[in-house]
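Dear colleague,

I am passing on the structure we spoke about, and I would be glad if you looked it over before reading my notes below.

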Amino acid sequence: RPEIANAAEARDVVVSFGAVHALDGASIRIPNESMVGLLGPNGAGKSTLFDVISGVRRPDQGTVSLFGTDVSTQPAWDRAKLGVARTFQTTRVMADLSVGDNLLAGAYQRIGIHPLRFLAGDPRAAARLREAEEAAWAAARLLDIDRYWNERCGTLEFSARRRAEIGRCLLSGPRLLLLDEPAAGLDPASSVALFSLLKRLHADLGLTVLLVEHYVKAVLDSCDLVYVLAEGRILAEGTPAEVAADPEVQARYLGT
Ligand code: ADP
Ligand code: MG
């Protein structure tokens, strides 16, 4: 089987909202098992690019491939089945469900089992549900939200809710994780903790990650490859050192 170089590749993507060109011919590639950072000012088109890769939005032009397969015409659900999980810029958890149930929802998605199958007498259901519970509990501990296991997600402080959302994504067993501003709204200590967790997941599990983040230092310190998006176009791409040294990036974005 030929080796697949890229977990995801988007080419020449155009998305317009009326007269606004949110994406104006952007191309990005996420090598397998890499951690890729996407920087850019507000309104640059970063979240729209996430929508296009995850299949939430069909672009006006351009193509998307995942793990070597062209998925341009596939809906978000089919792309999720290929192993793409994402968070949204505005945290989306099931607020009325407990942390435990939010995490279990991710695990059920992966093992493809509805908890009620247990009632229907599926002999494998009990074992698989137990496995899911163990995985969810391990994730809760890793994300330091185990003490909130029985709390409703809606009542949690912000950073814990964020971690619960990331946990639910992780439990779906993604091959590619897309994180839209995971550290936004976190205090500096929580941001540092979150980034060290992401680096650990990336290193230990070989998880491929694309993250949008305004916390430039964390992106430059953590990522293998960095893209800078401005006004719907890729302004710069390369290693963190290359991007940080780019005069246009410095002048227009890094403010140095
Ligand atoms: P970023 O995530 O980099 O801040 P976005 O992708 O959210 O940027 O937005 C890019 C541009 O597209 C902005 O000008 C934004 O106002 C516009 N935009 C995004 N989503 C919509 C939408 N659903 N309807 C209209 N305009 C949108
Ligand atoms: Mg955004």
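Confidence, given as pLDDT (the predictor's confidence in each residue, from 0 to 100), is lowest in helix α9 (residues 247-254), with a mean of 80, and highest in strand β4 (residues 61-66), at 98; helices (H or I, at least four residues) and strands (E, at least two) are DSSP runs numbered from the N terminus. Over the chain the average pLDDT is 88, with 92% of the residues scoring at least 70, and the model has an ipTM of 0.98 and a pTM of 0.87.

This is a predicted model, in which local features need pLDDT of at least 70 and side-chain atom pairs count only at pLDDT 80 or more, while totals for chains, interfaces and linings use all residues. Residues are numbered from 1 along each chain as its sequence is written, and chains are lettered from A and ligands numbered from 1 in the order in which they are written.

Helix α1 (residues 46-54) is largely enclosed by the rest of the structure, because 9 of its 9 residues are buried, that is, with 20 or more other C-beta atoms, placed from the backbone, within 10 Å of their own. Among them are Lys-46, Asp-51 and Phe-50, and just after α1 Gly-55 adopts a positive phi of about 90°.

An automatic or database domain assignment divides the chain into domain 1 (1-83 + 176-256) and domain 2 (94-173), whose centres, taken over C-alpha atoms, are separated by 26 Å. Their contact (C-beta atoms, placed from the backbone, within 7 Å) takes 5 residues from domain 1 and 5 residues from domain 2.

Best regards

Note on methods:
Buried ≥ 20, exposed ≤ 12 C-beta atoms within 10 Å, placed from the backbone. Contact = placed C-beta atoms within 7 Å.
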